[in-house]
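Colleague: I am new to this model and would like to learn how to read it. Could you take me through it feature by feature?

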Amino acid sequence: MDNEKQKNEITELRGFLIKNFLIILAVVSVAEYLAIQLINMLFLPVFEYFFAGKINWSGRLSLSQLLLYLIILLAELLLAAVGSTLPGVLQTMSLNLISSIEKAGRGYIPDMGQNTFAQLNSRESLILFATVVVVFALLILPYAIGAVWYARITTKKVRELREKREALQQEYDRRRNLMLSDIAHDLRTPITTVAGYAKALSDGMVTDPKKVQTYLDAIQAKSARMEELIQLLFEYVKISSEGFTLDRKPADLAELVRKNAALIYADVESGGMELEADIPEEPHMENIDEVQFGRALANLLNNALRHNSAGARILLSLHIEEKNVRIIVADTGEKIAPELVAHLFEPFVMGDESRSSKGGSGLGLSIASQIMQMHGWTLSYSEDIPDYSKGFVIECPRSHTAIQLEPAAAKA
């Protein structure tokens with residue numbers, strides 16, 4: 001899993017937790033209000049009915065008053081129960097303490113009245129105690145249900161994200177192992193060819209100069225292919241490693257795009273294809289890592305070259321617009337299967353299933369995407385490019401670019 005996906009997961013989980021916390025908080029608040037109304041309407045009249053003359057009560061309670069009142073009730077009930085078992089002096093002290101608590105309670109709850117809980121008999125004390133417990137349960141129940149509800153949905157969400165991450169990791173590992181197997185095969189094949197041709201030349205089995213040259217050309221081509229694969233793996237590991245940073249400096253983006261067009265022009269012609277370049281002549285300065293940015297462009301161009309055949313047209317364009325800088329690499333070849341489009345920029349994913357015939361490794365687009373993300377640019381796939389069947393668009397708002405120099409300053 002890369003850092004971008006982990007950040008997205010954290011953002012998704014944070015949003016989920018905040019949203020559900022607010023929902024549960026609203027539900028608990030409503031339940032709490034209903035519980036207080038139920039207590040005021042049902043249980044307080046019970047006090048007046050059963051304890052007339054002993055508990056004088058009038059009015060309605062707020063939540064804070066009700067909680068304080070219940071705490072006073074429990075304290076007094078406990079003191080009354082303990083005091084009834086004590087000898088004369090200590091029993092008198094407990095009654096005085098109950099009286100003091102009642103006076104303090106009346107100071108905080110004006111409507112508390114003149115309560116004399118110490119005068120309750122055992123049956124009345126038991127009824128009052130049971131009533132207080134029920135009231136406490138009603139007050140605590142919404143919070144308990146809310147806590148359990150929140151814990152369950154949080155646990156479920158975390159489990160879903162973990163299972164999703166594990167599934168993605170398994171798919172990632174599967175693709176990586178497949179890619180390594182494919183690259184090992186792609187390396188073994190040219191190595192075998194190079195070794196065979198080299199041995200034939202070394203043993204003097206080939207004496208015809210033309211055939212010798214053919215063998216040497218094959219050795220050179222196979223060696224170049226091996227170097228390309230090894231370099232691609234090296235670049236992927238390097239930009240994915242922790243601590244890798246770009247070496248960003250002011251560079252002429254238009255000139256960089258022209259250089260990449262010139263580098264691939266001969267390969268496009270030899271493949272029977274046509275390269276169309278639309279690049280402004282005026283310099284356009286951007287604060288970029290010229291090597292890495294150029295490598296991303298080269299990966300996109302090589303991808304277009306590898307997955308097209310003779311007669312295809314390849315476009316490389318740079319558009320400096322009022323609000324955006326846009327680079328397009330497009331072609332007239334076959335479109336990519338819809339089921340692969342969503343995974344194009346993931347490592348080890350290839351847009352053409354015939355990897356062995358096309359020679360793809362599934363890393364080029366992933367490397368290009370990572371390089372653009374590190375620059376603060378975006379790389380996207382598009383099928384809405386006029387006169388072309390598909391293409392890749394590199395884009396960045398001009399307000400987000402790190403440097404914008406005027407052409408005159410660039411020339412100076």
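Modeller: What follows goes from the whole chain to single residues.

Modeller: The model is predicted, so local features need pLDDT of at least 70 and side-chain atom pairs count only at pLDDT 80 or more, while totals for chains, interfaces and linings use all residues. Residues are numbered from 1 along each chain as its sequence is written, and side-chain values use heavy atoms, with hydrogens and water left out.

Colleague: How many helices and strands are there in the protein?

Modeller: Helices (H or I, at least four residues) and strands (E, at least two) are DSSP runs, numbered from the N terminus. The protein has eleven helices and seven strands.

Colleague: What percentage of the residues count as buried?

Modeller: Buried means under 20% relative accessible area, exposed means over 50%, and partly exposed lies in between, with a 1.4 Å probe and protein chains only. Of the 412 residues, 37% count as buried. The accessible surface, from the Shrake-Rupley method with a 1.4 Å probe and only the protein chains shown as cover for residues, comes to about 23300 Å². Carbon and sulfur atoms account for 59% of that surface.

Colleague: What do the contacts say about sequence separation?

Modeller: A contact means heavy atoms within 4.5 Å. Among contacts between residues at least 6 apart in sequence, 73% join residues at least 24 apart.

Colleague: How is the span of a helix read, and what is the span of helix 5?

Modeller: The expected span is 1.5 Å times one less than the number of residues. Helix 5 (residues 209–240) has 32 residues and reaches 46 Å from its first C-alpha to its last, close to the expected 46 Å. Helix 7 (residues 290–306) has 17 residues, and its end C-alpha atoms are 24 Å apart, which agrees with the 24 Å it should span.

Colleague: Which residues of these helices are buried?

Modeller: An α-helix has 3.6 residues a turn, so residues three or four places apart point the same way. In helix 5 the buried residues include Tyr 215, Ala 218, Ile 219, Arg 225, Met 226 and Leu 229. In helix 7 they include Phe 293, Ala 296, Leu 297, Leu 300, Leu 301 and Ala 304.

Colleague: What is found at the start of helix 7?

Modeller: A polar contact is a pair of N or O atoms within 3.5 Å; within protein, one must be able to donate a hydrogen and the other to accept it, and residues adjacent in sequence count only if both atoms are side-chain atoms. At the start of helix 7, a side-chain oxygen of Asp 289 comes within 3.2 Å of the backbone nitrogen of Val 291.

Colleague: Where is Asn 308, and is it buried or exposed?

Modeller: Asn 308 sits in the loop between helix 7 and strand 4 (313–320). It is buried, with a relative accessible area of 10%. The side chain of Asn 308 reaches the backbone oxygen of Ala 304 at 2.5 Å, and a polar atom of that side chain lies 3.3 Å from the backbone nitrogen of Gly 333. Residues that Asn 308 touches include Met 273, Asp 331 and Lys 390.

Colleague: How many salt bridges does the structure hold?

Modeller: A salt bridge is a side-chain nitrogen of Lys or Arg within 4 Å of a carboxyl oxygen of Asp or Glu. The structure holds nine. One of them joins Lys 157 and Glu 12, with the closest N and O atoms 3.1 Å apart. This pair links distant parts of the chain, as Lys 157 is in helix 4 (residues 122–202) and Glu 12 in helix 1 (residues 3–50), 145 residues apart. Lys 157 is buried at 14% relative accessible area, whereas Glu 12 is partly exposed at 35%.

Colleague: What do Lys 390 and Asp 331 form?

Modeller: Their side chains meet in a salt bridge, 2.6 Å from N to O. Lys 390 lies in strand 7 and Asp 331 in strand 5 (residues 324–331), so the pair ties together parts 59 residues apart in sequence. Lys 390 is buried at 7%, and Asp 331 is buried at 6%.
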